[in-house]
Amino acid sequence: MRNTSLMMFKDFIVQLVVILLLAPVALAQDNDVPVLTDKFLATLMELDPKAPASDDIEFDFKKIAFYNAEGQLLSEEAKKEYRSNPEYTLGRMFADADKVVRVVIYRKSTDLEKAQKASFQKSLDAMNPDYFKGEKIKPFKVTDMQGNTYSNKDLKGKVVVFNFWFIGCVPCVEEMPVLNKLVEKYKDQDVVFLAVTYDKKSEVSTFLKNHEFDYQIIPENTQFAIDYSLMAYPDHMIVDKKSVIQYKGNISSDRLFNYFSQYIDLCLAAQ
């Protein structure tokens, strides 16, 4: 699972790079937009649209012309639509002799590409802390390192603070002392702290010999990553006493304690 997750994360980064590279399309293009013909394309160098970025390729957005599959030049509004709509995918990309990208051509997406692009867009949207806010948490039943079970039904009436992490995640490990302080602060209150990882139980046991982590740790779990489109770690989620998500996201470790304390206090005070 770790290799699969890392591959998903790598694919995510590649797609993100492409989107970021092509995002600022609102800049004015040159007036001498080329007519899209086979003869013109033959003068250019074709790139791999799935991995166009390299040290020697330049993206000058004033010089890039964007076309649909029929060779029609896209308007500014159409570019935004094509970039975000799962129906369209980057089909071909060309650079000139100076290795400056000049032409991008979209095409119709396959069914698989539509699903991948929709999933990718959801993952981007899910990074917004308000994306899941107000939703009921999806039903779950998990088991911690000691064999204790937790479910959404059992935890109703308590505030539940989730941490999503894995052993090889350096930022995850670095913020654990701050998370431990949260556990200490709310140890006598109706707050449950669950740390969910896809790492194997045996690997987590070895990890804990050298690291203190006071959350109740849930190993070998991938369902939360699927349910909440987890692509970047660490991630967190705070669920109120009515099983409603009030926060999902991440924040720098120096702000985490105070920021999460405010959310937890509000959830505890709510009736």
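**Entry 1: α9**

I started with α9 and found that its buried residues pack against β7, α6, β8, β10 (235-239) and β11 (245-249). Before going on, I noted that this is a predicted model, where local features need pLDDT of at least 70, side-chain atom pairs count only at pLDDT 80 or more, and totals for chains, interfaces and linings use all residues. I also noted that residues are numbered from 1 along each chain as its sequence is written, and that side-chain values use heavy atoms, with hydrogens and water left out.

Some terms for my own use. Buried means under 20% relative accessible area, exposed over 50%, and partly exposed in between (1.4 Å probe, protein chains only). Contact means heavy atoms within 4.5 Å. Helices (H or I, at least four residues) and strands (E, at least two) are DSSP runs, numbered from the N terminus.

Which residues of α9 are buried? I listed Leu256, Phe260, Ser261, Tyr263, Ile264, Cys267 and Leu268. I checked the length too: α9 has 17 residues and spans 25 Å from its first C-alpha to its last. That is close to the 24 Å expected at 1.5 Å a residue, the expected span being 1.5 Å times one less than the number of residues.

**Entry 2: α6 beside α9**

Next I looked at α6, where Met176, Val178, Leu179, Asn180, Leu182 and Val183 are the buried residues. They pack against β7, α5 (170-174), β8, α7, β10 and α9.

How do α6 and α9 lie relative to each other? Their axes come within 9 Å and cross at roughly 30 degrees. The axes are lines fitted to C-alpha atoms, for helices over the stretch in contact, and angles run from 0 to 180 degrees between N-to-C directions. The two helices are therefore roughly parallel to each other. For that word, the angle must be under 35 degrees; over 145 is roughly antiparallel, 65 to 115 roughly perpendicular, and the rest oblique.

On the α6 side, Val178, Leu179, Lys181, Leu182 and Lys185 make the contact. On the α9 side I found Ser253, Leu256, Phe257, Phe260, Ser261, Ile264 and Asp265.

**Entry 3: the nonpolar cores**

A nonpolar core here is a set of buried Ala, Val, Leu, Ile, Met, Phe, Trp, Tyr and Cys residues joined through side-chain atoms within 4.5 Å. The largest one has 31 residues, and Leu182, Phe193, Tyr215, Ile238 and Ile264 touch the most other members. I asked where its residues come from: β7 (159-164), α6 (176-185), β8 (191-196), α7 (201-208) and α9 (253-269) each supply at least two. With six residues, α9 gives the most to this core.

I followed up on Ile264, which touches Val161, Leu182, Tyr186, Val191, Phe193 and Ile238, not counting residues up to four places away in sequence. There is also a second, separate core of 18 residues, and it includes Phe140, Leu155, Phe162 and Ile218.

**Entry 4: a cis bond**

I came across a cis peptide bond between Tyr233 and Pro234, with omega about -5 degrees. Pro234 lies in the loop between α8 (223-227) and β10.

Is Tyr233 buried or partly exposed? At 22% relative accessible area, Tyr233 is partly exposed. Apart from residues up to four places away, Tyr233 touches Phe164, Trp165, Phe166, Cys169, Cys172, Tyr198 and Ala225. Tyr233 and Phe164 are 69 residues apart along the chain, yet their C-alpha atoms are separated by 6.8 Å.

Met93 sits in strand β3 (residues 88-95) and counts as buried, at 0% relative accessibility. Ile105 is in strand β4 and is buried as well, at 10%.

In the loop between β3 and β4 (101-108) I found Lys99, whose phi is near 60 degrees, a positive value in a residue other than glycine. Lys99 is partly exposed, at 31%.

**Entry 5: the whole chain**

To finish, I counted up the protein chain: nine helices and eleven strands. Buried residues make up 43% of its 271 residues.
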